[in-house]
Amino acid sequence: MSRNCLLCGVGGQGVVLASKLIACAAMEKGLFVRTSETIGMAQRGGSVVSHVRMGEDIFSPMIPKGSADVILAFEPAEAVRSLDYLRRGKEEGIVIVNQKSIQPVTAALGGQEYDGRRMLDFLKENVKRLYLVDGEEICRQAGSHKVLNVALLGVAAAGGALGMGQAEIEDEIKRRVKPQYQEMNLKALKLGAALAAKIK
């Protein structure tokens with residue numbers, strides 16, 4: 001059985017690290033994994049998209065449109081931008097999105113206004129299995145705004161969206177995150193997992 005996970009956000013939110021943690025955990029389970037990143041203007045706050053495909057008979061690292069089992073969105077507009085990838089129909093995919101909006105560089109440079117609430121309203125109207133996460137509050141409790149990526153992984157893993165559990169992501173954090181940052185990341189993972197229990 002294969003699973004397609006699309007992660008999207010903006011530069012600096014840790015999208016690529018989150019995708020690597022998922023991919024490494026999947027490989028530890030013996031699954032075949034392909035990944036791909038679209039970085040763009042990441043260092044300037046531009047869009048970042050990571051595709052993670054796990055399972056058997058995966059011939060391309062890119063998720064075909066309409067076949068993502070889960071979209072893990074670090075920002076509302078990026079979730080909307082990626083909706084074409086979501087699996088629809090009887091077994092619709094899951095969208096987990098951080099509620100806090102970040103104005104895209106293109107909007108800022110063009111003097112345009114960006115209202116994240118409109119994006120969230122659009123998602124509520126167009127996604128059946130939508131989970132909104134107060135990532136800002138989780139980061140506050142964990143003690144760093146840099147652990148949003150792991151908090152969202154906690155929600156996804158504990159909520160059954162990744163095909164692997166919280167413990168498997170925890171193991172990868174211990175293997176791949178520098179020791180001085182492990183405690184706050186593990187705390188963020190647990191806080192996200194606790195939230196998943198509430199939104200199931």
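Predicted model: local features only at pLDDT ≥ 70, side-chain atom pairs only at ≥ 80, totals over all residues.
Now widen the selection to both strands, β4 (residues 70–73) and β5 (residues 94–98). They run parallel, joined by 4 bridges.

Next, trace the chain from β4 to β5. The path goes through helix α2, residues 76–81. This β-α-β crossover is right-handed.

**The faces of β4**

Stay on β4 and show its side chains. Val-70 and Leu-72 point one way from the strand. Ile-71 and Ala-73 point the other way. All four are buried.

**Across to β1**

Select β1, residues 3–10. β1 and β4 run parallel, and 4 bridges join them. To see how the two strands line up, pick Leu-6: Ile-71 of β4 stands opposite.

**Asn-4**

Now pick Asn-4, which also sits in β1. Is Asn-4 buried or exposed? Asn-4 counts as buried because its relative accessible area is 6%, and the cut-off for buried is under 20%. Which side chain makes a polar contact with the side chain of Asn-4? Select Arg-53: the polar contact between the two side chains is 2.9 Å.

Then show the surroundings of Asn-4. Setting aside neighbours within four places in sequence, Asn-4 is in contact with Val-52, Arg-53, Ile-63, Ser-67, Ala-68, Asp-69 and Val-70.

**Helix α6 and the core**

Move to helix α6, residues 148–158. The helix is mostly covered, with 10 of its 11 residues buried. Among the buried ones are Leu-148, Val-150, Leu-152, Leu-153 and Val-155. Asn-149 and Gly-154 are buried here too. Just past the helix, click Gly-160, which takes a positive phi of about 80°.

Go back to Leu-153 and display its contacts. Beyond neighbours within four places in sequence, Leu-153 is in contact with Ala-18, Leu-21, Ile-22, Leu-72, Leu-162, Ile-169 and Leu-189. Leu-72 is a residue of β4 already visited.

Now zoom out to the largest nonpolar core, which has 41 residues. Select Leu-7, Ile-96, Leu-153, Leu-162 and Ile-169: these touch the most other members. Which helix gives the most to this core? Helix α6 does, with 8 residues.

One last stop. Another core, of 17 residues, lies apart from the largest one. Select Ile-63, Ala-79, Tyr-85 and Val-95, which are among its members.

Notes
Residues numbered from 1 in each chain as written. Heavy atoms only, no water. Core = buried A, V, L, I, M, F, W, Y, C linked by side-chain atoms within 4.5 Å. Buried < 20%, exposed > 50% of the residue type's maximum accessible area, 1.4 Å probe, protein only. Contact = heavy atoms within 4.5 Å. Polar contact = N/O pair within 3.5 Å; in protein donor to acceptor, adjacent residues only side chain to side chain. Pairing = 2+ DSSP bridges. Right-handed = clockwise from strand over helix to strand, strands pointing away.
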